[in-house]
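Colleague: I have a model open and would like to understand the words used to describe it. Could you take me through a few of them?

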Amino acid sequence: MTSSSPVVPSFSPSPQLALAERLLGLLKESATEPRQDLQIEALTLAVAADLPVLLWGEPGIGKTAALTQLATELDLPLTTVIASVHEPSDFSGLPVIGDDPAVQGVPLAPPDWAVRLVRQGRGLLFLDELSTAPPAVQAALLRLVLERRIGALQLPPGVRIVAAANPRGSAADGWELSAPLANRFVHLDWVHDAEVVVRGLGGVWPRAELPRLDPERLPAAVEFARRAVCGLLTVRPELTHRLPSAETRRGRAWPSPRSWEMTMRLLAFGSAAGSSREVLSLLVRGTVGDGPGLELLATVDRLDLPAPEDLLADPAAAVLPQRGDLRQTVLDGVVAAVRSRPTRERWDAAWALMARALESSPPDVLVVPVTTLASLRQDAWEVPELINRFAGALQVSRRAERSAARVPAVAGRR
Amino acid sequence: MDTEKLFAARLHAVRARPYLATALFAMHVVESSRVPTMAVDRHWRCYVSPRFVERTSEEVLASVWVHEVSHLLRDHARRGDRLLRAMDREGPGARLQVNLAADCEINDDAFGDGLVRIPDAVYPDTLRLPANQLMEEYARCFSLDSEFQHLVWLECGSGADGWEREWDLGPEGAHGLNDQERDLVRFRVAQGITARPGRAPAGWRRWADEVFHPPQPWRQLLGAAIRSTVAAAGAGEDYSYGRPSRRSTSLPGVVLPSLRRRPPRVTVVVDTSGSVSDRELGSALLETAAILRALDGRRDLVSVISCDAAARTVREAAADSGWVLIGGGGTDLRNGFSTALRRRPAPDVIVALTDGQTPWPSSPPPCRTVIGLFPRPYTGSVADDEDNPDYRPDTPPDWAKVVTLS
């Protein structure tokens, strides 16, 4: 066993070796530049939110390099632990027999890197090769990742955990991640961008910056995150907990109360930091899985759409989304709101909205909402004057009908 | 441009294919006289030639709308990139080939049922290829020689083949959809199809099933399932204090467990009933053998049972010469399981290879189980079982890891 403080012998290196050192030093020199990089942004946001991240990527893709970069930028000391070469006791603590075990018990001694981490009070703990760690080691890692405990030691709050794993296809000797361990991570697929690699080898790597949280937006961010997640789970309670059953999805993200809580935290952080939807999409889908993640993102999108009641209250000031499918969703919502509480004023307001929408959208988008709205008319209500403006939209509808009628019933079938 | 005609055609398309409505409405129309007909880019803009609209009837335009949106939904641009990288080809010719193959993938079941066939479009039979394949398969099956020169005017834009055109507005242009928005539109369309699968043709249903979960190669899945089952704690390997750890000498006073490995015994139960083809069985068995050999290499711990109505032990897999299987007729895998479990010492892991047309044991066996399942599409025809047309074989039990081998 080597001593923990090696004594460096003083010697004068040969001139050739010294030159070699200098050349190595020059090669190592690199600068960073700010660059829009979604995966780095997602990684830093999750690290800032203090959630364990798991990077999936082929061997040699630069996961370790990215982590080194991240640690430098965040000014956190990096501790790398190759999970696959450790034994479970390295994570759960090594039992040490003291003088009087019956009285004092047998303490579980933590390994040196853990002691150092705790003494520093902060740092980036990088668990590499997670998928090639035997199942027993993975079980020991559960406690480290979830409770942040190694033996008797409690990791201080300043320590962030990032892990890396090789996808099943490329890890010849890999085990799949157990479902409980997979559920504790934010899964991010790490792919290389040829352009970034070339810039990096040329000496300039993209910079990972901690997201800037806007102090004004914190309460609103929490409110937004809660509304999004609770809104989805209220209408889709079956998404609350769903163990992965299909063999293809094992070892990856799946929805559970724990991962929904993580999602909520990520949404709040993303909203407070003003992160883009694409970053949120990477994070959310990496936490609860693709299907539930996409449903949540769809809910978030709907939260962004103007509420039907607000639109009806002030049609003149209405701002409608540009995209046709979103616009139709909004207008359908308005018609549904009128149908649920039909009054003359609301019906007129809805027509005013439709007329507004007509100014800036293709007429075919309006056909369904307009015809439904027209069908809601009650006998005492006069037809508003602006209905003439929809002649064009109705003409489109009639043309489409005529066109459909021209298609023979068996056309195209062979 | 006659927008009324263009949008009447889109409405026709929406009414004929309601599940594509979200995607059709999400496209942004850009008038452009530089495209020959209609074309899309990666960002869901749809470039339309006014002259094309003028000379084309609404019903054909409606079919073109569906055709163009299909390129976007099916992600042909990105798949084309990947395909050409795999084939190590690039250039306008290769991209045209991608475009034609993509057209075949769409056109083989897009029309009919309210939509006319587009005249002059490319169909699999134009290229003398069989229908119902994927773009990747089509693209490898033909080459653009002089015979197909009349097709080179075809042009569906960068959204169909990934090749940037000079008229493209690019990622920075207005009204483009980003990755996340594109995924959401795809997700809504897929949800619409899976919610009412009866209305969509088979090609779209397959797309909806696979759009966010592309099937993985079964070899990897089977490998991972067997590997994790064989290696799981309790199936052979575990930590024990029965023998001092290799580190003990350097850590006096510390009690360390050591890793003790007893290689797990694996029994492979093979369904040799008439409904499983020799070719299927052969490849699955070879694969299983290779995985087990890579895991341990002690062939004496692996045994194989072939199973039809009456389970018959084949022999221990001791030699490289392969396993001879006897069988035919109907299957009852329950016999296979009980025969496997009766052996002493009992197996730690059972790997069953079957087509699933069998009753399953009613309770989980006292060991880990992996089932490799050859898929059998349920045809629903009376011929399956004349007395009981509603008969469906039981689905594999959920206590086993099930890998579909296809």
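Modeller: Let's begin with A:T44, which is found in helix α2 (residues 38-48) of chain A; helices here are DSSP runs of H or I with at least four residues, strands are E runs of at least two, and both are numbered from the N terminus. Please keep in mind that this is a predicted model, where local features need pLDDT of at least 70, side-chain atom pairs count only at pLDDT 80 or more, and totals for chains, interfaces and linings use all residues. Residues are numbered from 1 along each chain as its sequence is written, chains are lettered from A and ligands numbered from 1 in the order in which they are written, and side-chain values use heavy atoms, with hydrogens and water left out.

Colleague: Why is A:T44 called buried?

Modeller: Buried means under 20% relative accessible area, exposed means over 50%, and partly exposed is in between, using a 1.4 Å probe and protein chains only. A:T44 has a relative accessible area of 1%, so it is buried.

Colleague: Which residues does A:T44 touch, leaving aside those up to four places away in sequence?

Modeller: They are A:L70, A:A208, A:E209, A:L210 and A:P211. A contact means heavy atoms within 4.5 Å.

Colleague: Where in chain B is B:D75 found?

Modeller: B:D75 is in the loop between α4 (58-73) and α5 (76-87). B:D75 is not a glycine either, yet has a positive phi of about 60°.

Colleague: How do you know that α15(A) is roughly parallel to α17(A)?

Modeller: Helix α15 (residues 324-340) and helix α17 (residues 363-375) of chain A pack at about 5°, with their axes 9 Å apart. Angles under 35 degrees count as roughly parallel, over 145 as roughly antiparallel, 65 to 115 as roughly perpendicular and the rest as oblique. That angle therefore makes α15(A) roughly parallel to α17(A). Among the residues making the contact are A:L331 and A:V335 of α15(A) and A:P369 and A:L373 of α17(A).

Colleague: What makes β10 and β11 of chain B a pair?

Modeller: Two strands pair if DSSP finds at least two bridges between them. Strand β10 (residues 368-373) and β11(B) have four bridges, in the parallel sense, and B:L373 stands opposite B:T404 in β11(B).

Technical notes:
Axes fitted to C-alpha atoms, helices over the stretch in contact; angles between N-to-C directions.
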